[in-house]
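Open the model in your viewer and keep the selection tool ready. This tour goes stop by stop.

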Amino acid sequence: MNEPTKTRLTTSKRKALRELMSRRLNTLVPLEGATIQSVAAACPKAVASPLRMRCLNPECIKKIARPAAGRLPLFCSRSCREAFDYERGELLADISVLNAAMQAGKGSHAERRIVQVELANKRWCLQRYVVPADRTQPEQMVNARQASTAGSKRANDL
Ligand SMILES: [Zn+2]
């Protein structure tokens, strides 16, 4: 009996995954073949963008429906946007303090360890609040592999 192991995809799942991958826009249109015509023709055949996405506030579990037209919201509410911006600002300020302490040096081994661990913890949290300087072009950050967005302009997107 050809029983699949837990670590391997079953044949049907593998087939479904291959089918899905073959329908991604970047598979249907190779980068070098991208023109308005070729991409416009491929879009209806490609895997559709989700109609609902999670609110960007990591503390929130709500989903936001994608409007048919107009600006695409990032947050479910104004309070989520404000909470996100507040927490992000506080984390960046905390990390600045921790970095300044590391730069200043000295202290015991145990004290340095406390500061290092807390810096790692704050960075771990900040990963959930990293947004590109221009929220309308997140691919700019992905391409540049930028970790910090300090000084980014505060967008008024919800
Ligand atoms: Zn929310």
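Which residues form the largest nonpolar core? Select Cys-55, Leu-56, Ile-64, Leu-74, Phe-75, Cys-80 and Phe-84: these 7 residues are that core. A nonpolar core is a set of buried Ala, Val, Leu, Ile, Met, Phe, Trp, Tyr and Cys residues joined through C-beta atoms within 7 Å. Buried means 20 or more other C-beta atoms within 10 Å of the residue's own; exposed means 12 or fewer, and partly exposed lies in between, with C-beta atoms placed from the backbone.

Two notes before moving on. This is a predicted model: local features need pLDDT of at least 70, side-chain atom pairs count only at pLDDT 80 or more, and totals for chains, interfaces and linings use all residues. Residues are numbered from 1 along each chain as its sequence is written.

**The whole chain**

Zoom out. The protein chain has 6 helices and 2 strands, in the order α-α-α-β-β-α-α-α along the sequence. Helices (H or I, at least four residues) and strands (E, at least two) are DSSP runs, numbered from the N terminus. Of the 158 residues, 7% are buried.

**Helix α1**

Select residues 11–22, helix α1. Its end C-alpha atoms are 16 Å apart, in agreement with the 16 Å its 12 residues should span at 1.5 Å a residue. The expected span is 1.5 Å times one less than the number of residues. The number of buried residues in α1 is 0, so α1 lies largely in the open.

**Ala-41**

Next, pick Ala-41 in helix α3 (residues 36–42). Is Ala-41 buried or exposed? Ala-41 counts as exposed because it has 12 C-beta neighbours inside 10 Å.

**Helix α4**

Select residues 78–104, helix α4. Its 27 residues reach 39 Å from first C-alpha to last, close to the 39 Å expected. Colour Cys-80, Arg-81, Phe-84, Arg-88 and Leu-98, which are buried. Show α5 (109–126) too: it is part of what covers them.

Stay on Cys-80. Leaving out residues up to four places away in sequence, Cys-80 touches Cys-55, Asn-57, Cys-60 and Phe-75. Contact means C-beta atoms, placed from the backbone, within 7 Å.

**After α4**

Step to Gly-105, which follows α4 and has a positive phi, near 70°. Then select Lys-106, in the loop between α4 and α5. Its phi is also positive, near 60°, in a residue other than glycine. Most residues other than glycine have a negative phi. Lys-106 is exposed, with 7 other C-beta atoms within 10 Å.

Methods: Two residues are in contact if their C-beta atoms, placed from the backbone, lie within 7 Å.
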